[in-house]
Amino acid sequence: MDDKLLEIKNLSVIYKTDEAIVHAVNRINFEIGTKETIGLVGETGAGKTTTALAVMQLLPERTGSISEGEIFFKGENLLKKSKNEMRLTRGARMSMIFQDPMTSLNPIVPVGEQIKESLEIHNHDRKNKKELEARVDELLTLVGIQPRRKGEFPHQFSGGMKQRVVIAIALACNPELLIADEPTTALDVTIQAQVLALMAELKEKLNTSMIMITHDLGVVAETCDKVAIMYAGEIVERGTVQDIFEGEQHHPYTLGLFGSIPDLEIETPRLSPIDGLMPDPTNLPTGCKFHPRCKSCMEICKQRQPEAYSFDAHVIACHLYAKEV
Ligand code: SF4
């Protein structure tokens, strides 16, 4: 596709607690082109949100840190930016939508004021009061809220409408990258579809690239161009949406996510969820992190971390593919 907007190279993130070191993200690589959407998919604790917080440099200051790797945004290494430069980059060039709109909105400030605050903080050239008001109206209209409601407080809006306000705040400064962390999980099913449709429409209209964090493969199929499947802080498979949904080769964990693990001994693949739990990130297994749950586990899997094998843009980190490359 178009130029690279974001490149993540060999990124690892740890959290230090009094008791242990949590290996939350382990040497991941992916990139996003201009106007592309990538889905980061996996169970809770797979490292998806930590990856997003690392990109935004919003990791908890006292406990979280990037232990290795690089994050390039339009060729600039974000990890070399000062705190102040990064603060200006956030909001103006990249922004994030969180799962629960109530954690993002201030309950005692009218929604229009909250959008205006975001414009004032990040968009210094738009100082004229009239212009600011016009931009607030424009953003509310963009997300399907009538501008006359801008004086209302968050509690006067439904869950879906609140998330629309959050999206308006995130889009206030026309970010080049939007990170959406499970943006519809806290919403009713019927509202989820509307918010997703709105995000897809806005992405087209505004040419924004997006990281969509989700555990829902249906959301990925509807909204993403590329997919990275995460497990225990690693990307175990990545490729285009076609590679993941129509390709023949997959990481056993991806097959598990789809709820079907083909058993080569029998003709008809049987449906089977993944047994067991994600490993403790303070005590990860040796070799392949998925080996305690993998039905295809071989002796080598317990000892050696698999390499990432590439089939064009489709990459699978699994010993099963060693002989096929
Ligand atoms: Fe399973 Fe081995 Fe592949 Fe890991 S490397 S997913 S244990 S087959």
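Visitor: Leaving aside its neighbours within four places in sequence, which residues is asparagine 77 in contact with?
Guide: This is a predicted model. In it, asparagine 77 sits in strand β5, residues 76-77. Neighbours within four places in sequence are left aside, and the contacts of asparagine 77 are then Glu70, Ile71 and Phe72.

Visitor: Is asparagine 77 buried or exposed?
Guide: Buried means under 20% relative accessible area. Asparagine 77 has a relative accessibility of 14%, so it counts as buried.

Visitor: How far does the backbone nitrogen of leucine 79 lie from a polar atom of the side chain of asparagine 77?
Guide: The place of asparagine 77 is in β5. A polar atom of its side chain and the backbone nitrogen of leucine 79 are separated by 3.0 Å.

Visitor: How far apart in space are asparagine 77 and glutamate 7?
Guide: In sequence, 70 residues separate asparagine 77 from glutamate 7. In space, from C-alpha to C-alpha, the separation is 9.2 Å.

Visitor: Which side chain does the side chain of glutamate 36 make a polar contact with?
Guide: Glutamate 36 is in the loop between β2 (21-33) and β3 (37-41). It counts as buried, at 8% relative accessibility. At 3.2 Å, its side chain makes a polar contact with the side chain of lysine 226.

Visitor: Which residues is valine 22 in contact with, leaving aside its neighbours within four places in sequence?
Guide: Valine 22 is found in strand β2. It is buried, with a relative accessible area of 17%. With neighbours within four places in sequence left aside, its contacts are Val13, Ile14, Tyr15, Thr17, Pro281 and Thr282.

Visitor: How far apart in space are valine 22 and asparagine 283?
Guide: Along the sequence, valine 22 and asparagine 283 are 261 residues apart. From C-alpha to C-alpha, the distance in space is 8.1 Å.

Visitor: What elements do the buried residues of α2 pack against?
Guide: Helix α2 covers residues 83-92. Its buried residues are Met86, Thr89, Arg90 and Gly91. They pack against α1 (48-56), β6 (94-97) and α4.

Visitor: What is the angle at which α4 and α5 pack?
Guide: Two packed helices are described by the angle between their axes and the distance between the axes. Helix α4 spans residues 111-122, and helix α5 spans residues 129-142. Their axes are 10 Å apart. The packing angle is about 115 degrees.

Visitor: How many charged residues has the contact of α4 with α5?
Guide: The crossing of α4 and α5 is right-handed. On the α4 side, the contact is made by Gly112, Ile115, Lys116, Leu119 and Glu120. On the α5 side are Leu132, Glu133, Arg135, Val136, Leu139 and Leu140. By class there are 6 nonpolar residues, 1 polar, and charged residues numbering 4.

Visitor: Why are α4 and α6 roughly parallel to each other?
Guide: The axes of α4 and helix α6 (residues 159-171) come within 8 Å. They cross at roughly 20 degrees. Angles under 35 degrees count as roughly parallel. The relation of α4 and α6 is therefore roughly parallel.

Visitor: What is phi of asparagine 10?
Guide: Most residues other than glycine have a negative phi. Asparagine 10 lies in strand β1, residues 4-16. It is partly exposed, with a relative accessible area of 33%. Its phi is positive, near 55 degrees.

Visitor: What positive phi has asparagine 207?
Guide: Asparagine 207 is in the loop between α7 (189-206) and β8 (209-214). Its relative accessible area is 42%, so asparagine 207 is partly exposed. Although asparagine 207 is not a glycine, its phi is about 60 degrees.

Key:
Residues numbered from 1 in each chain as written. Predicted model: local features only at pLDDT ≥ 70, side-chain atom pairs only at ≥ 80, totals over all residues. Heavy atoms only, no water. Axes fitted to C-alpha atoms, helices over the stretch in contact; angles between N-to-C directions. Helix = DSSP H or I, 4+ residues; strand = E, 2+ residues; numbered from the N terminus. Left-handed = near helix turned anticlockwise from the far one by under 90°. Contact = heavy atoms within 4.5 Å. Nonpolar A, V, L, I, M, F, W, Y, C, P; charged D, E, K, R; others polar. Parallel < 35°, antiparallel > 145°, perpendicular 65-115°, else oblique. Buried < 20%, exposed > 50% of the residue type's maximum accessible area, 1.4 Å probe, protein only. Polar contact = N/O pair within 3.5 Å; in protein donor to acceptor, adjacent residues only side chain to side chain.
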